[in-house]
Amino acid sequence: MDEEAQRAANADAPKIPHLFRRIVGLFAPHKAALVTTVVLVLVGAALSVVPPLLTQRAFDDGLFPVDASGESAPPNLPVLSWIVAAMIAVFVVSALLGVWQTWLTATVGNQVMGALRVRLFRHLQSMELSFFTRTKTGVIQSRLQNDVGGVASVLTNTVSSVLGNTVTVVSAFVAMLLLSWQLTVIALLLLPVMVIAQRRVGQVRARIAAKTQESLSEMTAITQETLSVSGILLAKTFTRQQSEIERYRAENGNQIELQVRQQMTGQWFFAMVNIFMSAVPAIVYLLAGWLIAGGVGGMTAGTIVAFTTVQARLLFPLMGLMRVALDLQTSSALFARIFEYLDLRPSISDAPEPVDVPEGPALGRVEFDHVSFRYPDADEQTPPTLDDVSFTIEPGQYAAFVGPSGAGKTTVSYLLPRLYEASDGAVRFAGVDVRDLRQESLISRIGIVSQETYLFHASIAENLRYAKPDATDAELEAAARAANIHETIASFPEGYDTVVGERGYRLSGGEKQRIAIARVLLKDPPVLLLDEATSALDTISERVVQAALDDASRGRTTIAIAHRLSTVASADVIFVVVAGRIAEHGTHAQLVAADGVYAALHRQQSERPELPVG
């Protein structure tokens with residue numbers, strides 16, 4: 001990312017108290033490995049300036065020694081051999097230390113990243129439903145993948161580079177001073193020009209890289225939209241394949257142009273850098289000649305060669321140190337975004353001393369006692385979704401909720417399993433306020449079949465066992481038979497091992513819904529919630545699925561959010577919800593005879609059966 005854009009992104013990061021202490025806490029279990037890493041970085045950086053100093057000795061004492069009289073002597077092969085052996089040993093040790101350091105940083109960084117990712121995923125699983133309805137899925141995925149994924153690079157890149165570059169620059173600077181303070185002064189005058197120029201080119205390349213990444217993201221989005229099952233069906237049915245190809249080709253052309261620009265940006269500069277870096281030794285040789293001619297002592301061939309070698313090592317570490325503040329700020333921003341999510345507290349959680357759902361004759365009783373509810377993100381000036389709603393459903397009863405669209409029917413099914421919390425009043429399950437029940441115990445007693453069935457891209461058996469991982473094949477078959485889907489599954493070549501495809505696209509709507517019913521039956525809950533479970537099906541499929549639902553509801557408390565009145569005509573009690581209130585209730589016959597809201601809805605659907613209630 002461009003530095004200015006990165007700084008802007010960092011500025012938008014949340015402010016987290018005691019951030020540094022919390023970051024250190026993440027790495028605390030790996031204290032020994034971290035200390036070893038720091039030592040390796042320091043030793044490796046210090047060793048990097050040893051070879052140039054040995055090069056000086058190789059020239060002055062090995063290749064071109066001087067005798068006591070100051071005359072040139074033949075090469076001192078024993079000394080040269082020891083120096084060369086020492087140089088090779090330094091290279092070998094440096095390489096081994098580098099491998100060890102890389103293994104340590106990669107291991108620690110990825111272990112911390114993995115633990116943090118699981119911790120964040122576990123925390124997100126505990127968040128209430130409203131968090132996910134108001135937060136984009138892409139934002140959540142970015143925290144899990146991009147932000148947490150950057151944790152490993154903090155240790156590998158930021159910390160290691162800051163320590164290594166600092167030690168390298170200091171060591172190289174000291175070595176240059178020891179070799180020749182005069183040449184050091186001259187070199188330091190030339191070096192900033194190269195560093196600043198390189199930084200400018202880096203910023204331009206970063207901007208183009210950001211645009212390239214955006215283009216890649218757009219291509220990915222086009223691929224996901226058009227090559228998904230839904231996208232392919234849409235394109236084919238509207239004969240839009242060619243226009244989608246053109247859209248992809250246009251973005252691909254943009255991507256090619258950006259890639260070429262990214263490759264070519266700064267090439268002239270780098271050519272000049274290479275020329276300059278290649279010319280530096282020649283410039284040093286010329287300056288050294290002037291110094292020697294001016295009578296400066298101690299300027300030997302070894303000193304000159306060693307000096308040019310050390311100076312060449314300074315450019316990139318100096319450039320890295322110029323980004324230290326930004327790198328540290330970026331790392332802090334990354335952790336701040338992660339901790340922002342970890343610090344979120346679920347608005348719905350277990351009581352300090354929760355109890356399990358009691359067994360007994362009251363199991364299956366559902367009570368709403370003067371319940372009112374307004375969605376968390378709703379304006380306080382708007383009327384509540386549910387307003388002073390009271391009713392009781394006895395164990396084993398079949399209760400239906402009908403009414404116009406937006407009346408609050410589905411909200412009832414959200415409050416019972418405590419996916420949302422009632423604003424006022426009390427919701428009781430088996431005679432106990434749901435706020436006093438352990439959430440896991442409550443949810444385990446409720447089975448939900450919704451309008452939109454979600455199946456994994458896995459086999460039918462795996463989808464069924466999501467409700468009961470240890471279910472036997474016999475239990476799967478019994479649940480499937482109860483849901484009127486066993487014969488259909490058995491007709492598939494691979495039976496229960498048939499892969500249903502993404503979101504179950506290989507199955508019909510009725511088949512998917514009956515598999516969802518079988519999955520709930522495998523859970524065997526005493527209470528069944530049916531949220532418009534047949535509303536998206538055609539008439540024939542609806543009848544088949546409704547028969548399965550009728551069988552599934554026997555012996556259980558069943559709460560059905562009705563789409564068509566004909567599906568709930570046999571219910572023990574029907575509640576008519578209008579504007580968040582129970583307008584009337586009774587059996588089908590009683591409500592028709594009362595000639596109220598229900599009777600009007602019934603007449604409307606009798607005249608036009610295809611019309612839904614809401």
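Close-up 1. Val371 sits opposite Val389 in β2. In this predicted model, local features need pLDDT of at least 70, side-chain atom pairs count only at pLDDT 80 or more, and totals for chains, interfaces and linings use all residues. Residues are numbered from 1 along each chain as its sequence is written, and side-chain values use heavy atoms, with hydrogens and water left out. Strand β1 (residues 366–373) pairs with β2 in the antiparallel sense over 5 bridges; two strands pair if DSSP finds at least two bridges between them. Strands here are DSSP runs (E, at least two residues), as helices are (H or I, at least four), numbered from the N terminus.

**Close-up 2. The open sheet.** Four strands line up in the order β2-β1-β4-β5, with antiparallel pairing. β2 (386–393) and β5 (432–433) are at the edges with a single partner strand each, so one side of each has no neighbour in the sheet.

**Close-up 3. Tyrosines around Tyr420.** Rings of Phe, Tyr and Trp (its six-membered ring) count as a pair when their centres lie within 6.5 Å; planes under 30 degrees apart are stacked, over 60 edge-to-face, and the rest tilted. That rule gives 14 aromatic pairs. For Tyr375 and Tyr420, the ring centres are 5.1 Å apart and the planes at 85°, so this pair is edge-to-face. Tyr375 is in the loop between β1 and β2, and Tyr420 in the loop between α16 and β4 (424–429), so the pair ties together parts 45 residues apart in sequence. Tyr420 is buried, at 7% relative accessible area, while Tyr375 is partly exposed at 21%. (Buried means under 20%, exposed over 50%, partly exposed in between, with a 1.4 Å probe and protein chains only.) Tyr414 and Tyr420 make a tilted pair, 5.6 Å centre to centre with 45° between the planes.

**Close-up 4. A phenylalanine cluster.** Phe368, Phe391, Phe401 and Phe575 are linked into a cluster by ring pairs.

**Close-up 5. The largest pocket.** Its volume is about 2,100 Å³. Of its 42 lining residues, Gln125, Leu129, Leu419, Ile448 and Tyr466 are the closest to the centre. (On a 1 Å grid over the protein atoms alone, a pocket is an open set of points where a 1.4 Å probe fits, with protein on both sides within 12 Å along at least five of seven lines; lining residues have an atom within 4 Å of a point.) β6 gives the largest share of the lining, 5 residues.

Notes: Points joined across faces, edges and corners; volume = space filled by probe spheres on them.
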